[in-house]
Amino acid sequence: MSHTKKRAAVVGGGIVGVSVARQLAREADGFEVTLFEKEDRLAAHQTGHNSGVVHAGLYYEPGSLKATLCRRGVGLLREAVREHRIPYEECGKIVVALDEKQASRLDDIHSRAVANGVPGVRLIDRDEITQLEPHAQGIRALHSPHTAIVDYAALTAALSEDLRAAGGSVRLGEEVTALERHKRAVRLTAGSLTEEFDLVIACAGLHSDRLARTAGEPDEPRIVPFYGDYFLMHASKSHLVNGLIYPVPDPRYPFLGVHLTKRIDGAVLLGPNAFLSSGREVYEGRRFVPRDVREALGFAGFWRFAARNLPAAVREARTALSSRRFVAEARKYVPALAHHDVTRGPRGIRAQAMDGRGALVDDFVISGTEHMVHVRNAPSPGATSALAIAEHIVSTSLQHHANS
């Protein structure tokens with residue numbers, strides 16, 4: 001190629017993509033960096049529809065990418081919010097056990113949290129629960145005092161300014177539809193134009209599997225979209241929750257269930273539930289995207305997952321169909337909450353990666369070569385870990401290029 005500088009493209013304008021592009025622009029002196037985003041704004045999908053929790057690293061398998069990059073990501077995120085003066089609050093989190101069976105599972109979570117280096121985490125009794133959350137109930141809990149909340153869309157915007165300041169560019173409204181290896185370059189197709197890049201890093205979120213397939217990557221993991229609805233507590237009742245109140249994960253169910261989350265603007269969210277979405281980007285109404293539904297229902301892995309998780313489907317269907325049941329789940333932890341204290345809130349769509357056996361892919365999945373990298377799975381705590389994911393990908397990619 002005739003360029004004096006190598007060219008790098010990052011696909012996806014969520015917090016992971018923007019973090020990767022920023023890291024490249026700052027660290028790769030020999031690269032000209034371009035970020036492609038198909039929407040007319042950044043953080044339009046998962047980043048802009050999540051609850052804003054900065055996870056401390058309680059649940060993740062010690063030594064996994066999730067555990068390692070979450071803890072590193074928290075530190076990098078805190079530096080970024082201080083630099084950009086973005087509101088950030090360590091409101092703390094309690095994982096609450098309602099009975100002895102749930103209480104016994106807290107020990108394992110506590111052990112994982114300690115192994116992951118989560119600061120200040122400890123088991124607390126009923127009295128300490130009410131000291132932290134006067135309106136909550138439970139017999140035992142795990143307290144993570146440094147779990148925090150932030151506005152991820154605002155952080156993404158700030159990181160994009162860092163990218164531009166480092167010489168990178170952002171191209172909005174340009175959907176990348178195909179990637180193809182061509183000798184020692186990658187051909188990137190966006191709209192009617194095809195351009196060549198020395199390095200492409202795809203952080204395509206809800207469409208990560210589709211873009212990977214265009215590049216000849218394996219068919220799996222596949223993305224199966226699950227929506228999660230939230231309810232918003234009326235402002236007059238927001239005093240009922242000081243921070244984050246979570247249930248103890250139940251191994252019988254693949255999803256966590258309804259929890260209560262304080263947002264950085266002071267509002268309190270209830271949710272989310274988890275149910276198969278009628279589209280990868282259907283955030284409101286009853287819109288139906290035939291291709292998305294066809295791909296999900298045509299995937300044998302989904303049916304294997306569904307067959308193993310019928311009790312979970314029943315539980316999630318109840319909260320999807322009945323707002324009273326939804327609120328009743330939250331009332332198990334905060335009894336003073338009433339159905340008339342909430343109103344329907346936002347919806348998010350999670351890019352749930354699944355393999356052909358119907359197993360949910362738990363850890364981050366990053367694959368590729370020295371010329372093309374694909375982030376195939378970056379579930380929660382993906383946003384928390386974004387800056388560490390970027391650091392990990394960019395250092396590996398630059399090392400490959402230095403050796404090629």
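Good morning. The lining of the largest cavity in this structure is made up of one nonpolar, three polar and three charged residues. Please bear in mind that we are looking at a predicted model.

Let me stay with that cavity for a moment. Which residues line the largest cavity? They are G257, V258, N273, R315, E316, T319 and E329. Helix 9, which covers residues 310-321, is the greatest contributor to this lining, with three residues. The space inside the largest cavity comes to about 50 Å³. When the whole structure is searched for cavities of 30 Å³ or more, one is found.

What does L155 touch, once residues up to four places away in sequence are set aside? The partners of L155 are then I15, L77, A80, V81 and I86.

Strand 11, residues 185-190, pairs with strand 12, residues 193-197. In which sense do these two strands pair, and over how many bridges? The pairing is antiparallel, over five bridges. Along this pair, R187 is found opposite E196 of strand 12. Two residues lie between the strands of the hairpin, and in this hairpin G191 adopts a positive phi near 65°.

Thank you for your attention.

Technical notes
Residues numbered from 1 in each chain as written. Predicted model: local features only at pLDDT ≥ 70, side-chain atom pairs only at ≥ 80, totals over all residues. Heavy atoms only, no water. 1 Å grid on protein atoms, 1.4 Å probe; cavity = no way out; pocket = protein on both sides within 12 Å on 5 of 7 lines; lining within 4 Å. Points joined across faces, edges and corners; volume = space filled by probe spheres on them. Helix = DSSP H or I, 4+ residues; strand = E, 2+ residues; numbered from the N terminus. Nonpolar A, V, L, I, M, F, W, Y, C, P; charged D, E, K, R; others polar. Contact = heavy atoms within 4.5 Å. Pairing = 2+ DSSP bridges.
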